Amino acid sequence: MPYPPPTATPVDLPAQHWLRWLPGLAVLRSYEAAWLPKDLAAGLALAAMLVPVGIAYAEASGVPGVYGLYATIVPLLAYAIFGPSRILVLGPDSALAAPILAVVLSVSLGDPMRAVAVASLMAIVAGLFCIVLGLLRLGFITELLSKPIRYGYMNGIALTVLVSQLPKIFAIPIDGGGPLQELWLLARAVIAGHTNWYAFAVGVATLAVILLLKRFDRVPGILIAVILATVAVSVLRLDAQGVSVLGEIPQGLPTFTFPWLSNADWATIVLGGCAVAMIAFADTSVLSRTYAARTHTRVDPNQEMVGLGMANLAAGFFQGFPISSSASRTPVAEAAGARTQLTGVVGAVAVAVLLLLAPNLLRYLPSSALAAVVIVAAMGLFEFKDLRRIYRIQQWEFWLSMLCFAAVAAFGAIPGIGLAVVIAVIEFLWDGWRPHFAVLGRVPNLRGYHDLKRYPHAALIDGLVLFRWDAPLFFANAELFQQRLMQAVDASPSPVRRVVVAAEPVTSVDVTSADMLRELSQHLAKQGAALHFAEMKDPVRDKLKRFELAEVFSDAHFHPTVESAVDEYLKP
């Protein structure tokens with residue numbers, strides 16, 4: 001069945017129209033009755049997965065399981081109003097568990113309610129961060145992280161999440177300082193005989209059932225495995241054998257609360273909130289674009305950031321924790337026939353009904369089974385196949401990925417992600433800091449002018465240096481530009497009377513580089529040479545004028561093409 005036609009998005013509506021910030025209501029205005037049965041059925045199918053996954057990710061994030069349901073209900077409702085994607089499902093996510101847990105453990109001081117407050121504050125910070133960036137139309141910033149670096153930190157987070165759940169499988173409490181230390185402590189505890197084999201059996205059996213049923217797309221493997229584990233613990237009274245269970249959860253819905261902490265490490269909370277916001281939006285933007293392409297709709301990344309921010313803000317004020325889109329629950333909604341955001345609303349209402357009418361159904365849900373759910377999700381975060389391709393074609397980027405992975409694995413999620421961002425910025429600047437450049441010459445039977453390094457027999461033109469710079473000119477590479485150009489002048493076999501910079505790749509200049517061009521022109525003039533430019537873009541040329549270089553470089557110093565610059569130089 002075809003998806004409904006695309007509705008107006010923020011780019012379609014006038015700026016003053018209030019509906020541009022409420023895409024969900026815009027869809028509701030054009031909602032068709034034929035979509036309702038599909039949305040209802042998909043919402044109920046989705047709810048069956050929201051409950052065990054929400055509880056499992058809450059436990060993995062360091063807060064009591066019921067708060068995972070709180071972080072499911074309200075964000076789904078908020079995203080249904082503010083989110084631009086028709087069927088994207090938001091909620092607790094395995095990719096966020098490690099950074100949330102890192103902050104919660106360091107700030108909560110072992111107090112469960114303080115842990116909830118820390119997690120809620122992180123959600124508020126993440127929400128505000130996303131909303132501000134969305135309103136400033138900075139939705140592109142997550143694209144600054146290259147694919148290898150994203151793979152590196154996601155592989156590190158996957159390992160962190162997986163390792164953090166192994167102690168629950170063995171029913172051994174571990175208070176480690178990172179994945180490597182946790183593995184070491186866990187191994188010592190297992191060797192010392194501290195394992196609860198009943199809990200281990202339940203966890204491994206749950207893991208096996210989920211993995212066995214995972215190949216069947218329409219079978220709710222997680223739900224089936226969790227139900228079987230819960231029934232086994234209840235019937236066999238395994239809780240009396242030391243198997244940890246969820247226990248009684250409070251009946252009722254989350255209430256509006258303004259979380260606050262005294263004597264808190266606010267820097268850690270704010271940095272952690274911003275870090276999870278970046279991870280959440282990176283995942284959400286990719287998933288949103290994927291489903292937009294499949295449903296032939298358009299999604300504004302800035303509105304996506306606002307929608308994600310409002311969902312996180314709602315989670316923070318209603319006793320939840322940071323949330324993201326779900327690459328596992330969204331396909332469930334799609335496969336069940338979801339047509340619009342009403343699917344998420346139905347799923348949220350179904351979870352709320354469970355909390356109101358039958359919270360004790362979850363009483364015997366074993367912790368080791370929840371750990372198995374998170375482990376399966378963490379396994380899905382690993383990326384190996386494409387990294388092998390990257391190693392084959394660009395080894396230095398592969399090792400950057402490995403560095404990010406090692407940082408997360410050794411130091412934890414927050415420091416590792418911080419290092420990933422720093423590396424991404426350095427990688428971004430390096431290409432502009434040390435760019436490719438070339439001295440050009442004529443090649444027989446080949447049009448244009450070409451790099452002497454590739455064509456060492458190319459002919460030079462007496463008295464003329466053709467120099468190409470393949471990057472923007474800015475403060476970090478201005479001195480290098482001057483050095484490389486003067487080296488080309490000094491290496492010329494004949495006295496240089498003119499230097500032509502092939503400036504088509506130069507997309508920008510700043511004050512530092514403009515001052516360098518002034519000094520370079522004066523230095524060349526003392527040697528009897530003039531500095532000209534070919535193929536310079538009009539916006540760059542306008543900047544040179546704004547930087548008061550019009551008296552240095554007249555119109556005669558600029559040429560539309562390299563060929564015209566050469567022709568003009570060769571005129572008698």
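Q: Let us start with helix α11: how many residues does it have, and what does it span?
A: Helix α11 covers residues 301-317, which is 17 residues, and reaches 24 Å from its first C-alpha to its last, close to the 24 Å expected at 1.5 Å a residue. The expected span is 1.5 Å times one less than the number of residues. Helices (H or I, at least four residues) and strands (E, at least two) are DSSP runs numbered from the N terminus.

Q: What kind of model is this, and how is it numbered?
A: This is a predicted model, in which local features need pLDDT of at least 70, side-chain atom pairs count only at pLDDT 80 or more, and totals for chains, interfaces and linings use all residues. Residues are numbered from 1 along each chain as its sequence is written, and side-chain values use heavy atoms, with hydrogens and water left out.

Q: Back to α11: how many of its residues are buried?
A: In α11, 15 of 17 residues are buried, so the helix is mostly covered; buried means under 20% relative accessible area, exposed over 50%, and partly exposed in between (1.4 Å probe, protein chains only).

Q: What comes just after α11?
A: Q319 takes a positive phi of about 65° there.

Q: And α5, how many of its residues are buried?
A: Of the 24 residues in α5, 18 are buried, so this helix is largely enclosed by the rest of the structure. Helix α5 (residues 112-135) reaches 35 Å between its first and last C-alpha, close to the 34 Å expected. Just after α5, R137 takes a positive phi of about 60°.

Q: Changing topic, where is P173?
A: P173 lies in the loop between α6 (147-170) and α7 (179-191).

Q: Is P173 buried or exposed?
A: P173 counts as exposed because its relative accessibility is 77%. P173 and H194 are 21 residues apart in sequence and 9.6 Å apart in space, C-alpha to C-alpha.

Q: How many disulfides are there?
A: A search of the whole structure finds zero disulfides, a disulfide being a pair of cysteine sulfur atoms within 2.5 Å.

Q: What about C404?
A: C404 is in no disulfide, and the nearest cysteine sulfur, that of C274, is 19 Å away. At 0% relative accessibility, C404 counts as buried.
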